[in-house]
Amino acid sequence: DEYDLEILTHKGEKKLLNVRAIPNIEDNIITGSIAILRDVTEERKSVEALIVSERNYRNLFENNPTSLWEEDYYEIKKMLDKKRNEGVTDFRKFIAEHPEFVAECNYIYRITDVNKATMDLLKVETKEQIIHGHNKFFTNESMALFKQVLIAFAENKKKFTGEAVLR
């Protein structure tokens, strides 16, 4: 068995202990137990602080009046790194000359979340309409911006800003 126990120290401080009891069994008979106690007070405070921080972030993200997109470029970064390992050094030229590569990157590009302002801007009812159908909102102008994003990633830029026209 495992459970948490709140205690008061001799200094009057509250501590949270995690107690794990392990039975000592001899000849199929429980003859005693061993208890392992671990102070989890700070760990639980950290978890609580993380939960509060996540809640605050989510609130700021969801209710921000600016359209915000949370995106995952992990697979695209791997593709760019693979091209670098294959000898590509001029990514501006490579991306301009290889529309099939850009199309493949666009295919694996992932949106993980959008906020309410984005939903209002694109006039959709659910986030999933954007997350699972981003291509229907992209225009030639936004694809040009996507190419610039790919170049920025390939060049390991730490910051990138841009604006796009969406449908």
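Here are some notes on the fold and on a few residues in this predicted model.

1. Let's start with the sheet. Three strands form an open sheet in the order β1-β2-β3, and their pairing is antiparallel. The edge positions belong to β1 (2-8) and β3 (29-39); each has a single partner strand, so one side of each is left without a neighbour in the sheet. From one strand to the next, the twist averages 35 degrees.

2. Strand β2 covers residues 14-26, runs antiparallel to β1 and is joined to β1 by seven bridges. As a handy landmark when you have the strands on screen, I7 stands opposite K15 in β2.

3. Helix α1, residues 41-63, lies across β1, β2 and β3. The direction of α1 is at about 120 degrees to that of β2.

4. Which residues of helix α4 are buried? In this helix, which spans residues 99-108, they are F101, V102, C105 and N106. Viewed down the axis of α4, these buried residues fall within an arc of 140 degrees, so they line one face of the helix.

5. H134 sits in the loop between α6 (128-131) and α7. Is H134 buried or exposed? The relative accessible area of H134 is 7%, and the cut-off for buried is under 20%, so H134 counts as buried. Setting aside residues up to four places away in sequence, H134 touches N106, Y109 and I111.

6. Last, a leucine in α5. L122 is found in this helix, which runs over residues 116-122. L122 is buried too, with a relative accessible area of 7%. What does L122 contact, leaving aside neighbours within four places in sequence? The residues in contact with L122 are W69, I130, F137, L166 and R167. For the pair L122 and L166, the separation along the chain is 44 residues, while their C-alpha atoms are 7.9 Å apart.

How values were computed: Residues numbered from 1 in each chain as written. Predicted model: local features only at pLDDT ≥ 70, side-chain atom pairs only at ≥ 80, totals over all residues. Heavy atoms only, no water. Pairing = 2+ DSSP bridges. Helix = DSSP H or I, 4+ residues; strand = E, 2+ residues; numbered from the N terminus. Axes fitted to C-alpha atoms, helices over the stretch in contact; angles between N-to-C directions. Contact = heavy atoms within 4.5 Å. Buried < 20%, exposed > 50% of the residue type's maximum accessible area, 1.4 Å probe, protein only. Arc of directions from axis to C-beta.
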